[in-house]
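Please keep the sequence and the model in view while reading.

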Amino acid sequence: MAVSGQRRRPVVALYERIADAVHDGTYPPGSTLPSEPKLAAELGVSRPALREALLLLQEDGLLTVRRGVGRTVNDRPPRRGFEHVQPLEELIGAGTPLRVRALLRTVEEPTDFTTQHLLAPARAELRFWESVLTGEGTAAALSHEWAAADELLDRVHPEFARALRATEERTARGAAVSMLSVLLGASRETALTAHSGITATLLGRRRGDQLGRPADTPAVLVTQVVRVGETPVLAAKHMLPTGAPALPVLQSH
């Protein structure tokens, strides 16, 4: 559920005003923001309030402070509304997103994992996408992604439900993307939250075959759940073998 500006703290509402100006092209990538006095006057806010909002924008990656230049808009600013939720292909792509190669696009009954994380009833039908992420011709990660049942998505996030159906049609013609990227693209007006867990493991035979690695290759397993409000809409497992691009991790408690 999107949160209205009236229910946000003033600094967050100001943050959103500036972020909107970045994303609608008022301040395009690479441009320099007006000075603090001028920007505060344009926005009709105090300089201390503006300074706090600008600091949050810097922390979230939209702006960079350059000595002698001022605050500039980053060339690849995060998309509005989910600055801390990124598709794996972008997160580990080091500025160049990895290519998504579809291995399987199907519907399946819940597993223990999806029953636990998507709260799916026993006979629900869940979309399951299996993909390999590749960069420079090398398989970097294996992704398993599940969406909540259509009946639930049609109720809590209909834009995501429609986008999934449309994307599956395009994938059949060879244009593959990750399920999380579809969710983010459909969520410009929908607030998302997510959490992930990280476990050390081995690839095993089947996953090793899919990634072109020995079965006993050490790997990191990342599990992820994305929610709309309190409702989980996407669950995923990402397998990154030894030698995969670095995965940035932000710890919280």
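Six strands form an open sheet with antiparallel pairing, in the order 3-4-5-8-7-6. Helices and strands are DSSP runs numbered from the N terminus (helices H or I, at least four residues; strands E, at least two), and two strands count as paired if DSSP finds at least two bridges between them. The edges are taken by strand 3 (99-108) and strand 6 (193-202); each has a single partner strand, so one side of each is left without a neighbour in the sheet. On average, neighbouring strands of this sheet are turned by 15° against each other, direction ignored; the axes are lines fitted to C-alpha atoms, for helices over the stretch in contact, and angles run from 0 to 180 degrees between N-to-C directions.

The model is predicted: local features need pLDDT of at least 70 and side-chain atom pairs count only at pLDDT 80 or more, while totals for chains, interfaces and linings use all residues. Residues are numbered from 1 along each chain as its sequence is written, and side-chain values use heavy atoms, with hydrogens and water left out.

Within the sheet, strand 5 (residues 138-147) runs antiparallel to strand 8 (residues 231-241), and six bridges join them. Ala147 stands opposite Leu234 in strand 8.

Leu234 also belongs to the largest nonpolar core, which has 22 residues; Leu234 is among those with the most contacts inside it, as are Leu153, Phe160, Leu164, Met179, Leu180 and Leu183. A nonpolar core is a set of buried Ala, Val, Leu, Ile, Met, Phe, Trp, Tyr and Cys residues joined through side-chain atoms within 4.5 Å. Two or more residues each come from helix 6, helix 7, helix 8 (179-185), strand 7 (218-228) and strand 8. Helix 8 gives the largest share, five residues. Leaving aside neighbours within four places in sequence, Met179 is in contact (heavy atoms within 4.5 Å) with Arg127, Trp129, Glu145, Trp146, Ala147, Phe160, Leu164 and Leu234. A second, separate core of 19 residues includes Tyr15, Leu33, Leu39 and Leu63.

His157 is found in the loop between helix 6 (150-156) and helix 7 (158-171). His157 counts as buried because its relative accessibility is 0%; buried means under 20% relative accessible area, exposed over 50%, and partly exposed in between (1.4 Å probe, protein chains only). Beyond its neighbours within four places in sequence, His157 is in contact with Leu152, Leu183, Ala186, Ser187, Thr190 and Val228.

Leu119 lies in another loop, between helix 5 (112-118) and strand 4 (126-135). At 61% relative accessibility, Leu119 counts as exposed. Leu119 is not a glycine, yet has a positive phi of about 55°.
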